Amino acid sequence: LINIILINIILLPAFIFVHDKTFIFYIGSFLFFILGYLLASNNSVKGLIVNFLLASVPFLLIAFAYLFINIYDFNLTHPERVLPIFMYYFICFVISFFFGVILKKKLKNKENRNLVFVSIIILFAAATSGILGRAFQFSIVGGLYLIGGLYIGYKKKRKNIKAVLILILPFILLFYPLVIFNTLKQMYPICIIVPISALSGIGLKLLYFKKNKVLFSALVIPYLLILFLGYFGMFNWLEYVFADHENNINAKELVFNFKTEENTFFTNNNIDGKITVLYFWIPSCSVCYKKFPELEKLYQKYSDRDDVLIIAVNLQTSYNNPVKNLNKVNPTEYNFPIATPDNDMEIYQERFGIQAFPKIIVIDKSGEIAFAGRFNNKPFVFLNNMDKMIQDLLNKS
C-alpha cells in the first residue's frame, strides 16, 4: 500500500507541475516497473492486477480531469487528443508493471536477475534524461553506463562479457533500430558513448580489483572530463545535424505578410536592405519557449540598429483567423516583436520548408537566404551561432 501511495505522490505533482507528457511516460513506466518487481514475490495474479489498478487508476482519473480543465497550459489545442494520451499511458504502465513481475518470477538466477534489473533501471534513467535535451543526455548516459560498468564488473573476463552484454543490450535493442531506420543523426554520439562507457567502467573495475588506485584515478578523471566537454560538443553536433544543408528556398520569390499586435506589418517588400531573422514558432512547442531568453538577448543587442530585424512569428494562428489562448507570451518579459501571418500554418511551412519548430530563417540585405535551421545563440556554440552570423553579414555589407 505504501508503494502504491508513493507512486501517486510522485506522479501527480510531476504531471501538474512539469507539464511534459513524455516525461510522465518515462517516469510512470519506470515506477510501475519497480512496483511490479517489488510485488511479484508475494502476490497472486489477481492480487497483482488489483494492486496495479489501485496504483494506476487514481492517477489516470485525476490527471485526466486536470489536463482537460487546463488543456491550454499543456499546449494541447485539440481536446479530442486527451483520451488517446491516457490510453497510451495506461498501456505503457501495464507493460512496464508486468515486465517487472515477469523478470522477478521467471528469472530464477539471482545474479542474472540483478544484472537485468540494473540494466533496465539504467535504461529508464537514460531515456528519461532526453527530456533535458540531447546535450545533457550525452553526459548523463555516459555517466550512467560508466557507473553501471563499475557496478557489475567481475574479476573473471568471461563473466564481464556476459555482464556488459546484459548492461548495454536493452539500450541497443531499443534505440539502435530507431536511430538507424529513422536516421536520427542527433543520437549518434549517444549511441557511441554507451558501449564505450560500459566497457570503460568494467575496465576501471578490473583496475580496482588489482588495487591500482593511481592508474584508476588517472583514467576515471579524464573520462569524466570527456563527458563534461561532450555536453558542449553535443550542441555543435546538433547544429550541424539540424542545419538545412540543402536549402533551396529563394527568398526573392517568397511572399510573406506578418502583423504584430501593434498593427506593424512585415512583408517581403519592406525588408530590403535589412538583415532579417525570422523565428518561426508555435505555442504547442515547449522548446520554442525555452529559446525565448536567447532570442530576447539577441534582440536587445541589435534593437538600436535599423538594418537588423528580428521577429518571432507564431504560425499556429493567423491575424485573419485568430485562435484564442495561443499567444501566451508575457509582454513585460520579452520585447522582441511577435507577429502572426496572413495565412494558415501549412502554407508557410511549405513556403519556408519548415518541418519542425522552432525554425530560423535568416535573410541577408540582398534578399538571399543566408541560413535556415535551428536557433542557437549560446557562446560555446561555434557552428551556426546566430550572433556571429549576424556580425558576419554586417561585415560583408
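Modeller: Let us begin with burial: a residue is called buried if its relative accessible area is under 20%, exposed if over 50%, and partly exposed in between. Please keep in mind throughout that this is a predicted model. By that rule, both tryptophan 281 and phenylalanine 292 are buried.

Biologist: Why does threonine 267 count as buried?

Modeller: The relative accessibility of threonine 267 is 15%, and buried means under 20%, so this residue counts as buried. Threonine 267 belongs to strand β2 (residues 265-267), and it touches Phe256 and Asn257 when residues up to four places away in sequence are not counted.

Biologist: What makes tryptophan 237 and tyrosine 240 a tilted pair?

Modeller: Their ring centres are 5.7 Å apart, with 35° between the planes; a pair needs centres within 6.5 Å, and planes under 30 degrees apart would be stacked and over 60 edge-to-face, so the remaining label, tilted, applies. The two residues are three apart in helix α9 (residues 213-242), and are therefore separated by about one helical turn. Tryptophan 237, at 28% relative accessibility, counts as partly exposed, and so does tyrosine 240, at 44%.

Biologist: And why is the pair of tryptophan 281 and phenylalanine 292 called edge-to-face?

Modeller: Here the centres lie 5.2 Å apart and the planes stand at 80°, so the pair is edge-to-face, given that the label requires an angle over 60 degrees. Because tryptophan 281 lies in strand β3 and phenylalanine 292 in helix α11 (residues 292-302), the pair ties together parts that are 11 residues apart in sequence.

Biologist: How do you know that α5 and α6 are roughly antiparallel to each other?

Modeller: The axes of helix α5 (residues 110-128) and helix α6 (residues 134-152) cross at roughly 170° and come within 9 Å; since angles over 145 degrees count as roughly antiparallel, the two helices are described in that way. In the contact, Leu115, Val118 and Ile122 are among the α5 residues, and Val141, Leu144 and Tyr145 are among those from α6. The residues of this contact divide into 12 nonpolar, two polar and no charged.

Biologist: What makes strand β6 (residues 359-363) mostly covered?

Modeller: Five of the five residues in β6 are buried. Lys359, Ile361 and Ile363 point one way from β6, whereas Ile360 and Val362 point the other way, and all are buried.

Biologist: Which strands are joined to β6, and in which sense do they run?

Modeller: Strand β3 (residues 275-281) is joined to β6 by five bridges and runs antiparallel to it, with phenylalanine 280 having lysine 359 as its bridge partner. Four bridges join β6 to strand β7 (residues 369-373), again in an antiparallel arrangement, where isoleucine 360 has glycine 373 as its partner. β6 and β7 form a hairpin with five residues between them, and glycine 367 in the turn has a positive phi of about 90°.

Biologist: How do you know that strand β4 (residues 308-314) and β5 pair?

Modeller: Two strands pair if there are at least two bridges between them, and β4 and β5 have two, in the parallel sense; alanine 312 has isoleucine 338 in β5 as its bridge partner. Strand β1 (residues 257-260), by contrast, runs antiparallel to β5 and is joined to it by three bridges, with threonine 260 partnered by alanine 339.

Definitions and conventions
Residues are numbered from 1 along each chain as its sequence is written. This is a predicted model: local features need pLDDT of at least 70, side-chain atom pairs count only at pLDDT 80 or more; totals for chains, interfaces and linings use all residues. Side-chain values use heavy atoms; hydrogens and water are left out. Axes are lines fitted to C-alpha atoms, for helices over the stretch in contact, and angles run from 0 to 180 degrees between N-to-C directions. Angles under 35 degrees count as roughly parallel, over 145 as roughly antiparallel, 65 to 115 as roughly perpendicular and the rest as oblique. Contact means heavy atoms within 4.5 Å. Ala, Val, Leu, Ile, Met, Phe, Trp, Tyr, Cys and Pro count as nonpolar, Asp, Glu, Lys and Arg as charged, and the others, Gly among them, as polar. Buried means under 20% relative accessible area, exposed over 50%, partly exposed in between (1.4 Å probe, protein chains only). Rings of Phe, Tyr and Trp (its six-membered ring) pair if their centres lie within 6.5 Å; planes under 30 degrees apart count as stacked, over 60 as edge-to-face and the rest as tilted.
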